[in-house]
Each structure stands twice: as structure tokens, then as C-alpha cells.
Amino acid sequence: MVGASAAGLGTAEALRRKGYAGRLTVLGAEHRLPYDRPPLSKQVLSGAWEPERAGLRSRDALDALDAEFVLGDAAVSLDPEARAVRTAAGRTLRAEAVVLATGLRPRRLPGQDDVDGVHVLRTLDDAVALRGALERARRVVVVGNGVLGAEVAATAAASGARTSLVGLQPAPLSEQLGERVGGLVARLHARNGVRQYHGTGVEELVHEQARATGVRLPSGEVLPADVVVVAVGCTPATEWLATSGLRLDDGIVCDARCRAADGVYAVGDAARWYHEGLGAHVRLENRTNATTQAGAVAANLLGGDVAYAPVPYFWTDQFDVKIQVFGTPRPGAEVSFVEGDEEGGRFVAVYGGERTRAVYGGERTRAVHGGERPHAVLGWNMAKQARLHSRSLSTAGAAA
Amino acid sequence: MKLSVDEEKCCGAGQCVLIAPDVFDQREEDGIVVLLDADPPAELHEAVRESAEVCPAAAIRLGEDV
């Protein structure tokens, strides 16, 4: 396993659970044992958790896994035919099979590395550094109004900093949730004091003596800040595979079995595999995919023939709202609220699927629809109900 | 097998309920995990182990002998 985060660890665990008794090596670029990333923008950033609590497994559980963790050493090249991985420290690791799980690297703004007070958030170290900066910050500007940017803005505002959120999307998370629910997220942020500038990029970072003092918008307006957080998306961390001969195209291109070459598989944020249910190559940047895909890869490594075709799922916490999304909302899709409502602060929204209505009955609750089947279900403080409704999704294959 | 869950870590994905519905449920009001059986019978251990591994919040802890 090249990569020691959720996807790499998950593959190792699934291999053991399915009975693999041979050697396992997990190579990680960071020095830390596997930790979880979703809490970094939430509990770790708010200070509610000590950083150690983000650890994915106890020391005992990792010992029981009987895998060798080679940490603090990044992979620098792969020879797929020899299944040999070379590392920055000069190691060469050979194996019968190699699993590529190197994840993502955050995008940066031009010049940001030369300016103090500008942060990205990807690693635990990033989160600890940003946490320290937020404790002293009076004014925070978050650049990027997707999932991570909006979560960071919520955490910063809740910790008392005067917070602005800027981004290209017309409303926060509107690309992920559609404009209607994105509008509700905007209202939620406004109610909690976040100043918002949507539908706009950033012209440049403003600084004095190499210390950030704000960001300039294309309109010329300057938003002052002592801390700037850049959350403008990520790119797959695949530079090290440039000479491997593997097909790289916004990720490691794989077949439906998550196979990139004979004996070489990819899993997690960096894998772009052929999803037979959707009829397209997809790459999912979310936590749940890391472990479910790991299970499919482990099965295939052990001689199985598993086409990986999940219903995508992610969640995000924004202030006191927990949002769960099953499937991928399409732009402009019809949205119907099938349980709860906006006013009550809890609802389930269904995307697509005309004439959708809910039939209630506890575990048997389901959406019934004529015509087109829904393609996504969203829960807003209604996690269990959203999961129950998600069983009607067309990509799940089962009839409602 | 002794099982425990960390409600504060739980993100309400409900993966555990799908895999081991005799062991886990979710609260109606916020989707947080409910442990139905902290000491499930042996035939459920495999499913419980899988639940713990795929839990996207690492909120399920397994006791000894698992």
C-alpha cells in the first residue's frame, strides 16, 4: 500500500479480514500513524479534540494488523511490471501487488508560499497550524466556498473570528448540493455572522512585508485578514507516477475492478475508475469511498471479480447542521422535500425523480415515484431518514 | 466480543446499520449510532468487524478476542 491514510489502511485491514496471511507493507509520506481527515476541519480545528483523537486506530489494533508501516518516506517512482516502488529515502519495496493510495494535494494560490498567514488544510499538521493561527486571529478570509472552505468558515466563525467566505460557486456548496440547498447553506452562514462573497474569485493575496493582510477581489475590494485559508480544491497526488507508464488523467485511470495495470490497483481520492452503474470513469474525493473502495480492491487482490459501483456518499457539518448526501446531485435537478421542512430545520430532499413522494413506515420508509428515478438524496439534520430514502436511488440498482 | 461506540465521533453515515442491523441502529433525531448488542454472538463477528473497518468516523471499537 502506497499511502497510509484511510484508503491504504482500509485495504490492509480488508485484506486481513478476508483471510490474507502474507506480508503487508504500508508506506506513508507523513511521519504519523494513520489518522482521519474529516475531523481536521471540524473537531480538531475547533479545539474540541486533541489532535491525537483523530487517529484512526489504536496502537494495539495496528499491531494486530501485522503490517509493516514505513512512515515519513514518500514514494518517488513505480515500476509497474516489477511492482517495485522507490522511495525518497532510497528504499526499493517490491511486492506481488501494489495498491496506490496517495490521495490529494491542495491547490494553492499564486505566490502564497512566500506569504505568512496563508494556510491550506489537508494534513493533521496543517490543522494544528491553522488552529493556532485561529486562536490569535481577529479576521479570517476563507477562499473557496466548497465543502472544505465552508466547513472551515463555520469553525472559524464559531470560534469567534470575524470570518468572510469567498468563492466561485453562486452559493456555498451549490455545486455539491444544488442551488436551492446551497441557498440554505448561505442563510445558515449568514445567520452565524459569516460575510459571504459568492460567484467571485480572488484577484490576489494582499500582504505587507511578506505577511498576509487580506485578499483583493476582482472588483477591487480588499477583504482584510490576519489569516487567509485557501480551500480551492485539490489535485491527485500522482506526480510520482509520471514515469510509470500508467494512464494518468485527473487521477490514476483504472478499470471497473480498480485495476491500473497487472497487479497494480488504485484506491481512494486519487483513483479514477470505471463505474459500471454510472457508465463513466469517476473519482470521488470523500472519506466513505476510501474504505468501501478498499474493500473492493482487497477482494480483487485475493482473486475476486468485484466491479466497484457504489452510490457515492459524503457528509458535512456546517455549524449545528449535519448534511448527508447519497448520490451526486446534478446541476439544475428538480428538488423535492419528502420529509420535514426548511422551517423546522430538518428535512430530506430528493433530486430528480418526478412525482416523488414518500411512503412512511419506519425501516420500510421509501420514496415512491412515477417516471424518472431520483439520483440523489440529501438529509439536513435527518441522517437516518436520508439513508432510508437513499435506497430508492437509481444507481443502487434495486427497485423501490 | 465486547463492543463500544463513540457517539461523539459518529457521523451518522449508517454503514454499520446496513452491514449489521442486528447490532447497530441509528437514533431517529440525529442519526447517531445506537448499539443494540454490545456482545453479539459469534456468527455476527465478521459483520461487526467489517462495520468497524468501514465506519467512516472510526467510531466503533472492538474488544478482545475479535
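Predicted model: local features only at pLDDT ≥ 70, side-chain atom pairs only at ≥ 80, totals over all residues.
Colleague: Into which domains is chain A divided, and where does domain 3 lie?

Modeller: Chain A has its domain 1 in two stretches, 6–105 + 235–301. Domain 2 covers 108–232. Domain 3 of chain A is 320–396.

Colleague: What separates the centres of domain 1 and domain 2 of chain A?

Modeller: The centres are taken over C-alpha atoms. For domain 1 and domain 2 of chain A, the separation is 29 Å.

Colleague: Which helix gives the largest share of the side of domain 1 of chain A that touches domain 2 of chain A?

Modeller: The contact takes 13 residues from domain 1 of chain A and 14 residues from domain 2 of chain A. On the domain 1 side, the residues divide into seven nonpolar, three polar and three charged. The largest share of that side is three residues, and they come from helix H2 (residues 43–46) of chain A.

Colleague: How many residues of helix H1 of chain A are buried?

Modeller: H1(A) runs over residues 6–17, twelve residues in total. Its span from first C-alpha to last is 16 Å, close to the 16 Å expected. The buried residues include A:Leu9, A:Glu13 and A:Leu15. H1(A) is mostly covered, and the number buried is ten of twelve.

Colleague: Which helix of chain B do the buried residues of H1(A) pack against?

Modeller: Within chain A, these residues pack against strand S1 (25–28), helix H3 (59–65), strand S6 (98–100) and helix H7 (287–301). From chain B, the partner is helix H2 (45–54).

Colleague: Is A:Ala14 buried or exposed?

Modeller: A:Ala14 lies in helix H1 of chain A. The cut-off for burial is 20 or more other C-beta atoms within 10 Å. A:Ala14 has 25 such atoms, so this residue is buried.

Colleague: Which residue of chain B is in contact with A:Ala14?

Modeller: Leave aside the neighbours within four places in sequence. In chain A, the contacts of A:Ala14 are A:Ala294, A:Gly295 and A:Ala298. A:Ala299 is 285 residues apart from A:Ala14 along the chain, yet their C-alpha atoms are separated by 7.9 Å. From chain B, the contact of A:Ala14 is B:Glu53.

Colleague: Which element gives the most to the side of chain B that touches chain A?

Modeller: The contact takes 14 residues from chain B and 20 residues from chain A. The chain B side divides into five nonpolar, four polar and five charged. With four residues, the element that gives the most to this side is H2(B).

Colleague: Which are the edge strands of the open sheet of five strands in chain A?

Modeller: The order is S8-S15-S9-S10-S11, with parallel pairing. An edge strand pairs on one side only. The edge strands are S8 (118–119) and S11 (195–198) of chain A.

Colleague: Which residue in S15(A) stands opposite A:Val118?

Modeller: S8(A) and strand S15 (residues 227–230) of chain A run parallel. Two bridges join them. Opposite A:Val118 stands A:Val228.

Colleague: At what angle to S10(A) does helix H5 of chain A run?

Modeller: H5(A) covers residues 147–158. It lies across S9 (139–143), S10 (162–167) and S15 of chain A. Its angle to S10(A) is about 170°.

Colleague: Why is helix H8 of chain A largely enclosed by the rest of the structure?

Modeller: H8(A) is residues 383–390. Its buried residues include A:Lys384, A:Arg387 and A:His389. The helix is largely enclosed because the buried residues number eight of eight.

Technical notes
Residues numbered from 1 in each chain as written. Chains lettered and ligands numbered in written order. Expected span 1.5 Å × (residues − 1). Contact = placed C-beta atoms within 7 Å. Nonpolar A, V, L, I, M, F, W, Y, C, P; charged D, E, K, R; others polar. Domains from an automatic or database assignment. Pairing = 2+ DSSP bridges. Axes fitted to C-alpha atoms, helices over the stretch in contact; angles between N-to-C directions.
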